[in-house]
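This briefing covers a single protein model, with notes grouped by topic. Please read the points below alongside the sequence and coordinates.

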Amino acid sequence: MTRLPSSIALIGVLACGLLVSGCKPDESPFKAENESLKKQVARQESLLSSLQDGNKVMQQQIDLLNQELRDAKKATESAKAEMATLSGQLNAQLAQAKRLSADAHKAAATQAAQQLRIEEKGSQIDTLPRPLAAVAKVVEDTLAKNGYSIKVSFKSDQKTVYVTDRKLSNPASLEASGSRNQYLLVLQALPANLTKLAVKAEFEKVTRDGRILSVSAEEIAEVERGLIREISKALEQPGKA
């Protein structure tokens with residue numbers, strides 16, 4: 001067997017090595033690109049996860065706001081219902097208060113009349129050619145003009161009653177100086193637009209030191225007639241229907 005020289009054999013080995021290395025593909029560019037793609041996918045997944053978490057938080061906030069709106073709507077409706085109930089109760093109480101006030105007003109007028117112990121037969125009476133409403137208006141004006149405030153009053157379609165406060169003064173048109181007086185006036189509607197007027201005075205004379213002097217029935221009657229004359233003169237003025 002013939003043996004090759006060692007130099008030739010070495011050359012052959014090197015040639016085969018070069019041939020083998022030249023046939024193996026270069027994978028480095030693909031590997032780098034794959035790594036880059038993996039990193040991009042990881043970033044996208046992280047971003048997507050963050051967006052999903054953000055959406056969850058936002059949805060929770062939206063749900064919370066919707067619940068608050070529903071609670072506020074219920075509270076508003078409840079407040080409206082409560083307000084309607086309270087308003088109804090208030091209206092009922094006001095109506096009852098008006099009725100009680102009217103009843104108390106009538107009772108006060110009756111009580112005041114009883115306290116004055118007024119009887120129609122003891123008063124001065126006149127029939128005036130005017131309807132009840134017109135006479136009542138003039139009576140109020142005349143009392144105010146002469147310094148008398150109305151303590152209590154009662155009015156209906158057929159009758160009007162006035163009780164004045166007790167007054168200590170000296171209006172020359174009605175009483176003498178140093179007198180103290182209180183009036184009860186009863187107006188009664190009559191047919192043909194007439195009005196019966198009854199006037200009762202609780203008239204007293206008072207001295208400077210506060211002593212009360214006795215007065216005669218005629219003096220009291222004259223005070224009552226004086227008020228009737230004032231009312232009649234006022235009714236005769238133009239425009240007093």
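Is Thr 160 buried or exposed? Thr 160 has 3% relative accessibility, so this residue counts as buried. The model is predicted. The protein has four helices and nine strands, and 23% of its 241 residues count as buried.

**Overall layout**
- Along the sequence, the elements follow the order α-α-β-α-β-β-β-β-β-β-β-β-α.
- Among contacts with a separation of 6 or more, 58% are between residues 24 or more positions apart.

**Strand pairing around β6**
- Strand β3, residues 159-164, runs antiparallel to strand β6, residues 183-190, and five bridges join the two.
- Strand β6 is also antiparallel to strand β7, residues 194-201, and eight bridges join this pair.

**Surroundings of Thr 160**
- Thr 160 lies in strand β3, and its bridge partner in β6 is Leu 187.
- Beyond its neighbours within four places in sequence, Thr 160 is in contact with Leu 132, Phe 154, Lys 155, Leu 185, Val 186 and Leu 187.
- Leu 187 is therefore listed both as a bridge partner of Thr 160 and among its contacts, while Thr 160 itself counts as buried at 3% relative accessibility.
- In a regular strand, side chains alternate between the two faces of the sheet.

**Salt bridges**
- The structure holds 10 salt bridges.
- Side chains of opposite charge can pair when their charged atoms come close.
- Glu 204 and Arg 180 form one of the salt bridges, with an N to O distance of 2.8 Å.
- That pair links distant parts of the chain, since Glu 204 is in strand β8 (residues 204-206) and Arg 180 is in strand β5 (residues 179-181), 24 residues apart.
- Glu 204 counts as buried at 19% relative accessibility, whereas Arg 180 counts as partly exposed at 26%.
- Glu 218 and Arg 225 meet in another salt bridge, at 2.4 Å from N to O, and Arg 225 counts as partly exposed at 27% relative accessibility.
- Glu 230 forms a salt bridge with Lys 233, where the closest N and O atoms are 3.4 Å apart.
- Glu 230 and Lys 233 are three residues apart in helix α4, so about one helical turn separates them.
- Salt bridges that share partners join Arg 166, Arg 180, Glu 202 and Glu 204 into one network.

**Helix α4**
- Helix α4 spans residues 217-236.
- The 20 residues of α4 reach 29 Å from the first C-alpha to the last, close to the 28 Å expected at 1.5 Å a residue.
- Buried residues of α4 include Ile 220, Val 223, Leu 227, Ile 228, Ile 231 and Leu 235.
- The buried list for α4 also includes Glu 224 and Glu 230, and Glu 230 has 13% relative accessibility.
- Cover for the buried residues of α4 includes β1 (124-128), α3 (132-145), β5, β6 and β7.

Notes:
Residues numbered from 1 in each chain as written. Predicted model: local features only at pLDDT ≥ 70, side-chain atom pairs only at ≥ 80, totals over all residues. Heavy atoms only, no water. Pairing = 2+ DSSP bridges. Salt bridge = Lys/Arg side-chain N within 4 Å of Asp/Glu carboxyl O. Buried < 20%, exposed > 50% of the residue type's maximum accessible area, 1.4 Å probe, protein only. Expected span 1.5 Å × (residues − 1). Contact = heavy atoms within 4.5 Å.
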